[in-house]
Amino acid sequence: MKLGFIGTGNMAGAIMGGIIKNELFKPEEIIGSDISEARRQKVRETYGIQVTDDNRKAAAAEVLVLSVKPQYYEETIAEIKDCVREDQLVITIAPGKTLSWLGEQFGKAVKIVRTMPNTPALVGEGMTAACVNEYVTEEEKAYVLKILGSFGKAEVVAEGLIDAVVAVSGSAPAYVFMFIEAMADAAVAEGMPRPQAYQFAAQAVYGSAKMVLETGKHPGELKDMVCSPAGTTIEAVAVLEERGLRSSVIEAMRVCAEVSRTM
């Protein structure tokens, strides 16, 4: 088996979906293990992969993704460490679990890639950060980036930045969904049908993000382009500034990063 997942929850499903959609691995080349029969059945029916309740079977794959919750990492690694070979690549997605800590849990030379993806992987628009330990070669690092890039964008970062990554992209879809929901609610209050309101709000966010990525312009410059003198937008921006939009986002991300550091 080429790709194994231990844990088949939402994030694992998002990664599987992106990988299969982009045809990097075939469904029959992927195996997922989970203690939950319902989750195993869901990923089998959704993605067509093989499933098992035995973590050791998944751990035999060429590339292993540990996608259990952070609090279960220690017991999961203890269960599979004797099965993990030195030629395997182990990809982790748990905030707070450092390369050093992970290496100590395995107790031997293991090729470990610490990553932080996000759920837009499911639609091929994920943003994933990765850092590797000393046993991962440059060729292997490039291979991992190819895997991670199959469901969005992927970049290597210094490990010290992973907690910032958790805040700015790992958890960020939740902030964006709340923003879209709030804009849609306001549009509904103005009389727009809800399905149409979600469409307009989501497309506005999507298009704005694309402008930042493709124009290379500073977000503030792009914001100023929308704010005509004495116009509607500048009045709305003034309210957002008065209500503390920026400071709220900054503080939320600070707390998010702090929690990540202590997990």
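**View 1. Lining of the second largest pocket, by residue class, in a predicted model.** The lining has 15 nonpolar, 13 polar and five charged residues. In total, 33 residues line the pocket, and those nearest its centre are G9, S67, V68, K69 and P70. The volume of this second largest pocket is about 870 Å³. Helix 1 (10-21), helix 4 (73-80), helix 7 and helix 12 each contribute at least two residues to the lining.

**View 2. The largest cavity.** The structure has one cavity of 30 Å³ or more. By class, the lining of the largest cavity comprises 11 nonpolar and two polar residues, with no charged ones. At least two lining residues come from each of strand 1 (3-6), helix 1 and helix 6 (138-149).

**View 3. Helix 12 from end to end.** Helix 12 covers residues 245-262, which is 18 residues. At 1.5 Å a residue the helix should span 26 Å, and its end C-alpha atoms are 26 Å apart, so the two values agree.

**View 4. The buried face of helix 12.** C256, A257 and S260 are the buried residues of helix 12. Seen down the helix axis, these buried residues fall within an arc of 95°, and therefore line one face of the helix. An α-helix has 3.6 residues a turn, so residues three or four places apart point the same way. The buried residues of helix 12 pack against helix 7 (162-170) and helix 8 (172-189).

Conventions. Residues are numbered from 1 along each chain as its sequence is written. This is a predicted model: local features need pLDDT of at least 70, side-chain atom pairs count only at pLDDT 80 or more; totals for chains, interfaces and linings use all residues. Side-chain values use heavy atoms; hydrogens and water are left out. Helices (H or I, at least four residues) and strands (E, at least two) are DSSP runs, numbered from the N terminus. The expected span of a helix is 1.5 Å times one less than its number of residues. Buried means under 20% relative accessible area, exposed over 50%, partly exposed in between (1.4 Å probe, protein chains only). The arc is that of the directions from the helix axis to the C-beta atoms. Contact means heavy atoms within 4.5 Å. On a 1 Å grid over the protein atoms alone, a cavity is a set of points where a 1.4 Å probe fits but cannot get out, and a pocket is an open set with protein on both sides within 12 Å along at least five of seven lines; lining residues have an atom within 4 Å of a point. Grid points are joined across faces, edges and corners, and a volume is the space filled by probe spheres set on the points. Ala, Val, Leu, Ile, Met, Phe, Trp, Tyr, Cys and Pro count as nonpolar, Asp, Glu, Lys and Arg as charged, and the others, Gly among them, as polar.
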